[in-house]
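Me: Could you walk me through this structure? I'm new to it, so please take it slowly.

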Amino acid sequence: MCGIAGYVGPRNSVEVVFDQLKRLEYRGYDSAGIAYLNGQDIKVLKRAGKLSVLGALLEEAPPESHLAIAHSRWATHGPPTDINAHPHFDQFEQISIIHNGIIENYLDLKEELVRDGHVFHSETDTEVAAHVIGQEYARGVPLEEAVRVGVKRLRGAYALVVISKNEREKIVATRNASPLVIGLGEAENYLASDIPALLPYTRQVVVLEEDLIAVLTQDGIRIFDGQGNDQSIEPIHIEWDIAAAQKGGYEHFMLKEIHEQPEVIAQCLAGRIDEKQRIRFEQIFSEHVWHEVDRVNIIACGTAYHAGLMGKYLFEKLLRLPTDVFHSSEFRYGDPVLSPKSLAIFISQSGETADSLAALRVCKERRIRTLGIVNVIGSSIARECDRTIFTQAGPEISVASTKAYVAQVLVLTMLALSVAQVKEMPGVRVTECVHALRSLRERAQEALTLEPQVIELAKQFFDAPLFFFLGRGVDAHVALEAALKMKEIAYIPTQESPAGEMKHGPLALVEPGVVAVFGAAEASVREKLVSNIREVQARGGTVLAVTTRDDAIVPQATDACLAVPGTGFEVLDALLTVIPLQLLAYHVARLKGCDIDMPRNLAKSVTVE
Ligand code: F6R
């Protein structure tokens, strides 16, 4: 997500941290800033836009300092503006903070602090964290103690870096579910969110473990836990070159992004489920609107369209709300019939897809309510929709979308549950589903452990002439997404359809060598699915099933099976089955030697018609 840099030592620290930020540019960002010690004060320079804008500011009056921290921000709370850019000060301007991640309880903390007279300048959760730690610091304790005590009040995912104008020799850092690495030098030390920012300076690295606090000075580092107990420091030597380091050691961005999905789930849920298990979105229609909406139209392209199909499944199953899903390119020229009380939902990772934007403008002209589900803050779709929910998946670099899809389906799930809460829908097991959402991150982590099995299957299947992707109910929607991944990165033709449709035509394509992948998360139709599996096997096709671990029916009938942990909710189970299917496409493509992150003929953001 965002980038963090820090340096203390004899060099010009501002130059060093600016260079570190440049090495994190590939991750995407929308504003950047630096804090450095200047005379008796901390000086902060920050700007929205590219690093070159901040760079021009530094060139005007090149600052010199032995200690600096820097940040490149990818907006989550508040748009990308100069004011929302990091670093942020505390109430008393004694300390300055940069932060990656999301503070879930920042609104509650902010209310409390405002009651105590605190004044905030930005819309960010980070400034709230600065004030919380600043409050502790004002009691006269050392900076690391203020951080140790202050972070106990923060809930969420964070990597936090703090400096003080009174303790001019140290940088203090801590983290929870958001990475931080320390680079060790000779009489100098470095800090970064990612290893590529350290490699030009040092290959001796300490990975800061969760919930530990680090104090960096020119002469050394100290690491201790939340109780103040010192921890041993075990540096590792990094052999990776810069390109490998940018991918976090993974061979491709796509693989990195697949593996980031447990983290993305945590980020997407962060701050959206309160103690009473109620779903809360920051920017959403008031409750009466949900009573008024008589129809939902979901409009999107490609993978986002597939997420939309999951939305239809949810809205109709949980809310009994009629829902249609349109390809944006069809919607914009299709003269759709739109009820004035309907809601149009636009799903887009980039927020810039030309067809989706044009379809949105059609709805605006027709005065239909619009809601965006978008990943990139400040993007056109996010700006033009009446309301927007951000997926909080972080920048997606691989052309083939993976983590954005998971986050889109999660937002749709939370949205359906929140409407069920508002409308007090009888029979919807909201609380149980919220519990399942809370444990989804761990379940996704378990699903990733199927990778060695997937690699073996990829070796068996990589030269198949044709893949079928099939399923019933919610699995039919996942089948479309799994097929898209296989075609776009492995260039293998696919045939995807509801399993029951096979005998109406596609079955003619089955012959020895063809692989049919059946999704079986939808427990109520597993016996029917077995009949479809038999139809494929009888014609010489090989069958792989992706199902949940408790499925006693489908695995009996198939040639191979991948089982993900169950959640008790079919949509979430189906969402987990997408993880081994993404991995299957990836490993098949890898064995075929395809250009995985940049597949032929495709672009990441489709801004042309
Ligand atoms: C497939 C993929 C595309 C996008 C589509 C929409 O892996 O990435 O199908 O999903 O181009 O893009 P966004 O979501 O940016 O509107």
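Me: How much area do domain 1 and domain 2 bury between them?

Reply: Domain 1 and domain 2 bury about 1,600 Å² between them, with 54% of it on carbon and sulfur atoms; buried area here is the accessible area (1.4 Å probe) that two parts lose on being put together, summed over both. In domain 1, the residues that lose the most area to domain 2 are Trp74, Ile102 and Glu104, together 34% of what that side buries. This is a predicted model, in which local features need pLDDT of at least 70 and side-chain atom pairs count only at pLDDT 80 or more, while totals for chains, interfaces and linings use all residues. Residues are numbered from 1 along each chain as its sequence is written, and side-chain values use heavy atoms, with hydrogens and water left out.

Me: Ok, and where do the domains run?

Reply: Domain 1 covers 3-246, domain 2 covers 250-448 and domain 3 covers 449-609, with bounds that come from an automatic or database domain assignment. The contact between domain 1 and domain 2 (heavy atoms within 4.5 Å) takes 21 residues from domain 1 and 18 residues from domain 2.

Me: How many salt bridges cross that interface?

Reply: The rule finds 1 salt bridge across the interface of domain 1 and domain 2, where a salt bridge is a side-chain nitrogen of Lys or Arg within 4 Å of a carboxyl oxygen of Asp or Glu. As for a particular pair, the side chains of Arg155 and Glu275 meet in a salt bridge, at 2.9 Å from N to O.

Me: What about Ser401 and Lys485?

Reply: Ser401 has a backbone N or O atom 2.9 Å from an oxygen atom of the ligand, whereas for Lys485 a polar side-chain atom lies 3.0 Å from an oxygen atom of the ligand.

Me: And the backbone, where is the cis peptide bond?

Reply: The cis peptide bond joins His86 and Pro87, with omega about 0°, and Pro87 sits in the loop between strand E4 (67-73) and strand E5 (88-89); strands (E, at least two residues) are DSSP runs, numbered from the N terminus. Glu93, in the loop between E5 and E6, has a positive phi of about 55° although it is not a glycine.

How values were computed
Polar contact = N/O pair within 3.5 Å; in protein donor to acceptor, adjacent residues only side chain to side chain. Helix = DSSP H or I, 4+ residues; strand = E, 2+ residues; numbered from the N terminus.
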